[in-house]
Amino acid sequence: MAFMELKGKTVLITGATGKIGRVLAAALAVEGMYSICHFHKQKQKALALVRQIEQQGYRAAAVQADFQEETQVREMFRQAQSMAPIDLLIHTAGLFSKTPIEEGSVCSERALLGVNLMAPLLLTHLFFDSLKNRQGPNPVGKILYFTDAAAMRPWKKYSVYCAVKAGLSAAVKSLAKEMAPSVTVNAIAPGIIEGADLTFREKERQMAKIPMGRFGTLDEVILSVLFLLKNDYITGHVLLLDGGRIL
Ligand SMILES: NC(=O)c1ccc[n+]([C@@H]2O[C@H](COP(=O)([O-])OP(=O)(O)OC[C@H]3O[C@@H](n4cnc5c(N)ncnc54)[C@H](OP(=O)(O)O)[C@@H]3O)[C@@H](O)[C@H]2O)c1
């Protein structure tokens, strides 16, 4: 059976200092990939992650960028690409904040749009461009974004976050058609994943609404990522990982 061999591939993981990005960077390195770990502010955390991966005998590196700045996105991609040609792009970097309509904070709206939508689209363009002359059986590259179950079942007071994540989910489908057959484009839409910063009371309240009766685990995120990365025929798919919450 032929499918993309992940061992030996290079993966750029944005938001590798985040809850999900960090475990993914480590797990994909263990699968034999060179994990290039992007961070924004948490340099020490990124360097510690790289050290941890290297001490286990695997390969990793760190690159920095603020995704609200186009020039920084471009420079980060150039730097990552100079370390090794990138085969896989996983965008976990994300901003999450309330934007109550009565407050109308243009500042946080721009930040949400920049980090959660404009940056992944620019990275996608740069990545696609870098693959232009890549030889090999298709797909030669794969993209995986992180959207949110809230894109499908929006919460109140988070209209911008939900709209931006819904926009990214639509982009997955559009880009999948545009970039086939050389690149697959998919996304994972998590519900609440373990480790969420919630009070005991709020955790209980949220869990009661989830048919599976608990939050998702980081291992379940890793499994879903590997499933999508290993499969060459799935493209344009947004995989819900929410324990049935939106049903
Ligand atoms: N965790 C969940 O339960 C959950 C549920 C639904 C959807 N998701 C989605 O899954 C993805 C990962 O979630 P997570 O919980 O791992 O997020 P997280 O822990 O909040 O991490 C966010 C990451 O984004 C980076 N970041 C923040 N602002 C940035 C900026 N201006 N420029 C560049 N990078 C920036 C952070 O970098 P630094 O730390 O270096 O500053 C960090 O690595 C997100 O897209 C999120 O929306 C998560």
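1. Asp 87 counts as buried, at 10% relative accessibility; buried means under 20% relative accessible area, exposed over 50% and partly exposed in between, with a 1.4 Å probe and protein chains only. The residue is found in the loop between helix H3 (70–83) and strand E4 (88–91). Helices (H or I, at least four residues) and strands (E, at least two) are DSSP runs, numbered from the N terminus.

2. The model is predicted: local features need pLDDT of at least 70, side-chain atom pairs count only at pLDDT 80 or more, and totals for chains, interfaces and linings use all residues. Residues are numbered from 1 along each chain as its sequence is written, and side-chain values use heavy atoms, with hydrogens and water left out.

3. His 38 belongs to strand E2 (residues 34–39) and is buried at 3% relative accessibility. Its side chain reaches the backbone oxygen of Ala 65 at 2.9 Å. Beyond four places in sequence, the contacts of His 38 include Ile 13, Thr 14, Gly 15, Ala 16 and Thr 17, and also Val 63, Gln 64, Ala 65, Phe 67, Met 76 and Ala 93.

4. Ile 13, one of the residues that His 38 contacts, sits in strand E1. Its relative accessible area is 0%, so Ile 13 is buried. Which residues does Ile 13 touch, not counting those up to four places away in sequence? They are Gly 21, Leu 24, Ala 25, Leu 28, Ser 35, Ile 36, Cys 37, His 38, Ile 90 and Thr 92. Ile 13 and Leu 89 are 76 residues apart in sequence, yet their C-alpha atoms are 6.2 Å apart.

5. Leu 6 lies in the segment before strand E1 (10–14). Leu 6 is also buried, with a relative accessible area of 4%. Residues up to four places away excluded, Leu 6 touches Gly 32, Met 33, Leu 88, Leu 226, Leu 229 and Lys 230. From Leu 6 to Phe 128 the separation is 122 residues in sequence and 18 Å in space, C-alpha to C-alpha.

6. Two peptide bonds to proline deserve a check. The bond from Asn 138 to Pro 139 is cis, with omega near -5°; Pro 139 is placed in the loop between helix H4 (106–130) and strand E5 (141–146). The bond from Ala 180 to Pro 181 is cis too, with omega near 0°, and Pro 181 lies in the loop between helix H5 (159–179) and strand E6 (183–190).

7. Lys 157 is not a glycine but has a positive phi of about 75°. This lysine lies in the loop between E5 and H5. Is Lys 157 buried or partly exposed? At 43% relative accessibility, Lys 157 counts as partly exposed.

8. On the overall fold, the protein chain has seven helices and seven strands, in the order β-α-β-α-β-α-β-α-β-α-β-α-α-β along the sequence. The radius of gyration is 18 Å, close to the 18 Å that the globule rule gives for 247 residues, so the chain is as compact as a globular protein of that length. That radius is taken over C-alpha atoms, and the rule is 2.2 Å times the number of residues to the power 0.38. Along the principal axes, the C-alpha atoms fill a box of roughly 50 × 40 × 35 Å.

9. Buried residues make up 48% of the 247 residues in the protein chain. Of the contacts with a separation of 6 or more, 72% are between residues 24 or more positions apart. The chain exposes about 12,600 Å², and carbon and sulfur atoms supply 55% of that area; accessible areas come from the Shrake-Rupley method with a 1.4 Å probe, and for residues only the protein chains shown count as cover.

Key:
Contact means heavy atoms within 4.5 Å. A polar contact is a pair of N or O atoms within 3.5 Å; within protein, one must be able to donate a hydrogen and the other to accept it, and residues adjacent in sequence count only if both atoms are side-chain atoms.
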